[in-house]
Amino acid sequence: MSTHPTSITCTSLDFTWPDGTGVFDGLQVAFGPGRTGLIGVNGSGKSTLLKLIAGELTPGEGAIRVAGDIGYLPQNVTLDTGLRVDDVLGIAGKRAALHAIEAGDVAEEHFTAVGDDWDVEERAVATLDQLGLGHIGLDRTTGEVSGGESVLLRLAALLLRRPDVLLLDEPTNNLDLHARRRLYEAVEAWSGVLVVVSHDRALLDLVDQIADLRDGEVKWYGGNFTAYEEVLAAEQEAAERMVRVAESDLKKQKRELADAQVKLARRKRYGQKMWDQKREPKIVMGERKRAAQVSAGKHRIMHEEKLSEAKERLDDAVEAVRDDDEIRVDLPFTAVPPGRTVLGLSNLTLRYGACVAGEFELRGPERVALVGRNGAGKTTLLRTIAGELEAVEGETLAHVPLRFLPQRLDVLDDELTVAENVARFAPDATNNRIRARLARFLFKGARADQRAATLSGGERFRAALAALLLAEPAPQLLMLDEPTNNLDMASVKQLATALESYEGALIVASHDVPFLESIGITRWLLLDGEMKEITTEAVGYSG
């Protein structure tokens, strides 16, 4: 952990959601200058902690002290589509005052509005250019920019403010490869306090230290994410070795206790035999019997204590080994015969200009990756196939049941529990069947009764995926839009294992190339004005 003065201090922090779901109980953590990567499994409270520090949430108890001004980029960026870019950047008033002064209006309120910030327009343009947004301009509305560009716009607004503390929650969500590189450069150039929650390895390799939030406590690791993984691997190897030692010791103590009990039983039988034969005076035999009972009791207690201590050591050793469960599901009804036509697109022109020229067919259990820069129309294409948008020209025809999981995961009703949400998609399934299948998506017992509104980003994704995959009829075409957004690395692995069980056709729009490669993509399609097939080697240059 940094030895510099602390900039963020959280003392005895308690936080519980309104439905009673606890997140923090007496959390103690402090962040100093430099770049900190805040990691942890989904649901551990990373985003909640950033919201508490930013003042978006109020702790039940405890105190948060921040030295300086805070800039906060939330996980889900939503902008009023009617806002102009200069409004989002927070400089509309200063720009208007500057233009009025330049036009000859010398009213005092204009000079007050500008203050000392006479170069605000130049700085804004330079910041947009730094983030690859120079083409947007200050007078356009945010309705004309993509989701990824919206994230960068919000970041540009923060950089212009020059806060002392910068909090970033999954900032690479929705960003194409080019935009991610721009963000990496901005993070590298940041000289103040920065705390970033992310599952992006490249971004986490730019930080100075890792804060691992697990079970309500933070453990610190010096260096970037690669260094953290190396240390963690060594720790886990040692922990697993301790489990083996503790298991061996427990077996030994059980054997010794059993041996001791056999010996004590023999002594007891021998003493009873002597008593029955009355070979010694009664008073001597009585004293010897009492002494033997006391000795046997001490002997038994000693071995039981050793056994109890061995069990405790084993429990402690097992606790130190991380158990990040995997999703394991059986989805036989999603199967599609090889060669069967699943989807057809014909001379398709989408809203906002992208198109699919000629005829396109998706056959059998193909796995298609849809890549392209932000704003290229990937989400628009998926929404058009799903029937949520009408095509300008051409047609789409799905030959099998399909389901679409959008970026914002709005397939869930926030007021319903996880189990109730799944029941909406499978109304004929019994409650027991729903719960049994949800357990395989790691929603066991009371977790299935959590309201969707209280779920973390990763838990929400898992619940939405469960709702779609367990739907009736089973989807034989599944379309996912940026599925690894908001997922920690353990959850990305969980998603990959869940998709191993899926036997239908798959279309995944994503900028996460390592994830796409891990799920066995069979075709790569680039959307850049028109849709065309590309080679695996060209993917890294496609955005």
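## Strands β3 and β8

Strand β3 (residues 34-39) and strand β8 (residues 209-214) run parallel and are joined by four bridges. Strands here are DSSP E runs of at least two residues, helices are H or I runs of at least four, and both are numbered from the N terminus. Two strands count as paired if DSSP finds at least two bridges between them. Leucine 38 stands opposite alanine 211 in β8, and glycine 37 stands opposite isoleucine 210 in β8.

The model is predicted: local features need pLDDT of at least 70 and side-chain atom pairs count only at pLDDT 80 or more, while totals for chains, interfaces and linings use all residues. Residues are numbered from 1 along each chain as its sequence is written, and side-chain values use heavy atoms, with hydrogens and water left out.

## The sheet

β3 and β8 belong to an open sheet of six strands, ordered β5-β6-β7-β3-β8-β9, with mixed pairing. Its edge strands, β5 (70-73) and β9 (217-222), each pair on one side only. From one strand to the next, the twist averages 20°.

Helix α1 (residues 46-54) packs on this sheet and touches β3, β5, β6 (165-169), β7 (193-197) and β8. Its direction makes about 150° with that of β6; axes are lines fitted to C-alpha atoms, for helices over the stretch in contact, and angles run from 0 to 180 degrees between N-to-C directions.

Because five of its six residues are buried, β8 is largely enclosed by the rest of the structure. Buried means under 20% relative accessible area, exposed over 50%, and partly exposed in between, with a 1.4 Å probe and protein chains only.

β8 and β9 run antiparallel and are joined by six bridges. Arginine 214 has glutamate 217 in β9 as its bridge partner. The two strands form a hairpin with two residues between them, and aspartate 215 in the turn has a positive phi of about 55°.

## Nonpolar cores

A nonpolar core is a set of buried Ala, Val, Leu, Ile, Met, Phe, Trp, Tyr and Cys residues joined through side-chain atoms within 4.5 Å. The largest has 51 residues, and those with the most contacts inside it are Leu405, Leu438, Leu465, Leu478 and Phe515. Helix α14 (residues 457-469) gives the largest share of this core, eight residues. Another core, of 48 residues, lies apart from it and includes Leu155, Ala157, Leu183 and Leu204.

Leaving aside neighbours within four places in sequence, leucine 465 is in contact (heavy atoms within 4.5 Å) with Leu405, Phe441, Leu478, Leu495 and Ala498.
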